[in-house]
Amino acid sequence: MMTVNNKYDIGEMVYIKSDQEATPYVIIAIRIEGRSPHVVRYELNCVKDTQFVYDFEICPNKWETAGEKIGA
């Protein structure tokens, strides 16, 4: 039996930390890759595009993005 500890869930709204525009994305899929230890990647979607990212690249808060930090 495989147990995966994903940080985020499908349907959750997140932001890409390096995004200067702080665009909100919705998680539409979770991919489990590789053998143990498994790598979790998230498929994100917004009106403009779709991205595949790792959990360390995203955050649940807009103020944690590069665009918000620069504008502060």
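Reader: How many disulfides does a search of the whole structure find?
Author: In this predicted model, the search finds 0 disulfides.

Reader: How do you know that Cys46 is in no disulfide?
Author: The nearest cysteine sulfur, that of Cys59, is 14 Å away. A disulfide needs the two sulfur atoms within 2.5 Å, so Cys46 is in none. Cys59 is in no disulfide either, with the sulfur of Cys46 as its nearest cysteine sulfur, at 14 Å.

Reader: What makes Cys46 count as buried?
Author: Its relative accessibility is 11%. Buried means under 20%, so Cys46 counts as buried.

Reader: Is Cys59 buried or exposed, and why?
Author: Cys59 has a relative accessibility of 1%. That value is under 20%, so Cys59 counts as buried.

Reader: Why is Ile32 called partly exposed?
Author: Its relative accessible area is 35%. Buried means under 20% and exposed over 50%; Ile32 lies in between, so it is partly exposed.

Reader: Where is Ile32, and what is it in contact with?
Author: Ile32 is in strand S2. Neighbours within four places in sequence aside, its contacts are Met2, Val4, His38, Val39 and Val40.

Reader: How do strand S2 and strand S3 pair?
Author: S2 (residues 24-33) and S3 (residues 39-45) are antiparallel, over 7 bridges. Pairing takes at least two bridges, so they count as paired.

Reader: In what order do the 5 strands form the open sheet?
Author: The order is S4-S3-S2-S1-S5, with antiparallel pairing.

Reader: Why do S4 and S5 stand at the edges?
Author: Strand S4 (50-54) and strand S5 (58-59) each have a single partner strand, so one side of each is left without a neighbour in the sheet.

Note on methods. Residues are numbered from 1 along each chain as its sequence is written. This is a predicted model: local features need pLDDT of at least 70, side-chain atom pairs count only at pLDDT 80 or more; totals for chains, interfaces and linings use all residues. Side-chain values use heavy atoms; hydrogens and water are left out. Helices (H or I, at least four residues) and strands (E, at least two) are DSSP runs, numbered from the N terminus. Buried means under 20% relative accessible area, exposed over 50%, partly exposed in between (1.4 Å probe, protein chains only). Contact means heavy atoms within 4.5 Å.
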